[in-house]
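Hi there,

Here is the structure I promised to pass on, with my notes below it. Have a look first, and then read on.

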Amino acid sequence: MVPSPYGTATLPKVTNRLAAATSPYLLQHRDNPVDWWEWGPDAFAEARRRDVPVLLSIGYAACHWCHVMAHESFEDPETAELMNRLFVNIKVDREERPDVDAVYMESVQAMTGQGGWPMTVFLDHGARPFFAGTYFPPRPRGGMPGFVELLNAIDEAWRNRRDEVSEQAAQMVEAISSGLPPPATPDTALLDTAHARLEELYDPIHGGFGRAPRFPQQPVLELLLRIRTRAPAADVMVTTTLEGMARGGIHDHLGGGFCRYSVDDHWLVPHFEKMLYDNAQLARIYLWAGVELGRSEFVAVARSTLAYMDRDLRHDLGGFFSSEDADSEGVEGKFYIWSLEELREVAGDGPVVDYFGVTPEGNFEGANILTVREGDLHAFGEERRRLLERRATRVRPGLDDKVVTAWNGLAIRAFAEAGAALDDDRLVETARAGAAFLTEHLVVDGRLMRSWRDGRTSVPGFLDDHTAAALGLLAVFSATGEEVWYSRAIGLIDELARFRRPEGGFHTTPDDGEALVKRPFDVTDNPTPSGNALAAEALLLAGLLTGNGEWREEAEGCLSAAGALMPRYPTMVAHHLSVLDATTKTKELAIVGPGWRALAKVANARFRPHVVVAPSATPTSGVPLLAGRAPDSGTLAYVCRNFACELPTSDPTLLATLLDA
């Protein structure tokens, strides 16, 4: 051990402070010559002691450009020496600390008009940002300042123009604290406005919305699925987009699952990282689109995506890992691409070559990303198997093996709903195991935590952790009839009081969370539904199960918090709009009796997110919707609205009619 030249802590000879981190992203930087600190008061105390600014670097383990900047700058001894001499350097995993990321991403967007990772922000001793950006090359390039040049300029301003720095920091905090427009009560006519706006953004050739880079925009697709009966173009927009993605290079045609986005407008060249949250949402969307639109190939895509998550992103104890990297052996996409020669060697020189669009010149840097532009999406099963076996011999991309609560909630919901819809007990069991993992490993002293890795948890959970987990547990309850999952979900919803905003909606952080330069609040639903949108949905469903009218009012408060954005920016608040649609047609379905599964199949045969399903093999008072329902014999289903119920039935045909009425 040797003393750090910039503080009182001692450092290992080879590694820096990040060697003790729980985050795989931080651990990627433990061997940097940069004297990194984790986020916390000690780092800012050190900055005050030395009278230097803080350099905050935020990224995540699967981020390609984070790796590029690390290789170019953070691993360079001369650059690291300059960073160590002029700054206290803090490294943050955006996935482990979304609160810190959200606050400083706003400063990047305010200063540059755009955001992204790696994020590079310079802070004063009060954690106020005064300069912000994303990736910087080591030397000036393409109109961007060089990182070394920037470091020296920031140091000069800090030493010689401190008043200007302080004024800039004050202005930046004021800018990011100005907040959203005031709450506005949304009207369901906004659903038609949103549909019209989405038609304007829609690409009728390739599917998708807006310009490249093209993201799946899962909340938008779910909104269109939900409002398809009132939106004549919704089916076409959903079908074309899902087919374009499923046939494109963004889809892993051998191992299943999807990459994060496409750099072009026709889904060909992906940014190769694969995220749990994308795949959880896309599995669910392909499932329900396949069911509703009669597209069996979409259901097959859902199954293969779930299989990928189960095989490659699942911990032995049941939780789900966060992501797989874009890079392997230091090269983006190397794990996934093929030469014509290698593909012929493994799969033969027949029609499979044309089927996957493989050519001598390739479609990506001289090699080939596999696509399926024509024909059956799932043809050549034996050739796929051999190609997958060959690919498994390659060096895999890095795995971020931390378990994030919010993303696990999304995954658990996808598995539970798929298991119920497809009558697949194995999928339901995967969901149950994930739920057990969350409740056993991510609850410490009664408090839900953000993430877990190798037996260690990080910080207390944020809003999206509580709401996504609650929705996942409610889905497991609906699929299994096991009351324990209902009880644990309701416990999480009770905890939302810690996040409540007086003006409606919920803060990202709890009332006893760490004080940042502003308390984050977010209603944007991209690429995942925001914590507020998930809160609206969880509160709405919990209100239906319990009869608690105050929860429904709080759900409507969440929608009002995003109401001003709905008419102008529907893609930003798409999941809020989905919940708004649900509020107009909610129903409760209580099923009691040993044959509940047969009647539950009726409800699960369609996409009915506005219907809450409460099943039980025996009478129970533990779930208010089920209380007092005790058939004399057999099994009965009760279809209700606001706890006012139709006559119970055991007839599946009549049940379907009542649900669709």
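Which element gives the most to the lining of the second largest pocket? H3 does, with 3 residues. Before the details, two words on the source. This is a predicted model, in which local features need pLDDT of at least 70 and side-chain atom pairs count only at pLDDT 80 or more, while totals for chains, interfaces and linings use all residues. Residues are numbered from 1 along each chain as its sequence is written, and side-chain values use heavy atoms, with hydrogens and water left out.

**The second largest pocket**

A pocket here is an open set of points on a 1 Å grid over the protein atoms alone, with protein on both sides within 12 Å along at least five of seven lines; lining residues have an atom within 4 Å of a point. The volume of the second largest pocket is about 410 Å³, a volume being the space filled by probe spheres set on the points, which are joined across faces, edges and corners. Its lining has 21 residues, and Gln28, Ala61, His67, Asp325 and Gly398 lie nearest the centre. Two or more lining residues come from each of helix H1 (24–27), helix H3 (64–74), strand S12 (327–328) and strand S14 (399–400). Helices (H or I, at least four residues) and strands (E, at least two) are DSSP runs, numbered from the N terminus. By class, this pocket lining has 9 charged, 7 polar and 5 nonpolar residues. Ala, Val, Leu, Ile, Met, Phe, Trp, Tyr, Cys and Pro count as nonpolar, Asp, Glu, Lys and Arg as charged, and the others, Gly among them, as polar.

**The cavities**

A cavity is a set of grid points where a 1.4 Å probe fits but cannot get out. The count comes to 5 cavities of 30 Å³ or more.

The largest cavity has a volume of about 370 Å³. Of its 22 lining residues, Glu417, Ser478, Arg608, Val611 and Val613 lie nearest the centre. At least two lining residues are supplied by each of helix H11 (276–293), helix H16 (405–422), helix H18 (463–480), H20, H23 and S21, and H18 gives the most, with 5 residues. The lining of the largest cavity has 15 nonpolar, 5 charged and 2 polar residues.

The second largest cavity has a volume of about 130 Å³. Among the residues that line this cavity are Gln218, Glu222, Arg284, Arg413 and His575. H9, H11 and H16 are the elements that give two or more residues to this lining, and H11 gives the most, with 4 residues. The lining of the second largest cavity divides into 6 nonpolar, 3 polar and 3 charged residues.

Why is strand S20 described as largely enclosed by the rest of the structure? Because 6 of the 6 residues of S20 (residues 587–592) are buried, that is, under 20% relative accessible area with a 1.4 Å probe and protein chains only; exposed means over 50%, and partly exposed lies in between. Lys587, Leu589 and Ile591 point one way from S20, while Glu588, Ala590 and Val592 point the other way, and all are buried. In a regular strand the side chains alternate between the two faces of the sheet.

Two strands pair if DSSP finds at least two bridges between them. S20 pairs in the parallel sense with strand S21 (residues 611–616) over 6 bridges, and Val592 has Ser616 as its bridge partner in S21. From S20 the chain crosses through helix H23 (residues 596–604) to S21 in a right-handed β-α-β crossover; right-handed means that, with the strands pointing away from the viewer, the path from the first strand over the helix to the second runs clockwise. With strand S22 (residues 636–641), S20 pairs in the antiparallel sense over 5 bridges, and there Glu588 stands opposite Cys640.

**Backbone details in the loops**

- A cis peptide bond with omega about 0° joins Ala212 and Pro213; Pro213 lies in the loop between helix H8 (189–201) and helix H9 (218–226).
- Another cis peptide bond, with omega about 5°, joins Asn526 and Pro527; Pro527 is in the loop between helix H19 (483–494) and helix H20 (531–546).
- Asp51, which is not a glycine, has a positive phi near 55° and counts as partly exposed at 38% relative accessibility.
- Glu365, also not a glycine, has a positive phi near 50° and counts as exposed at 72% relative accessibility.

Happy exploring!
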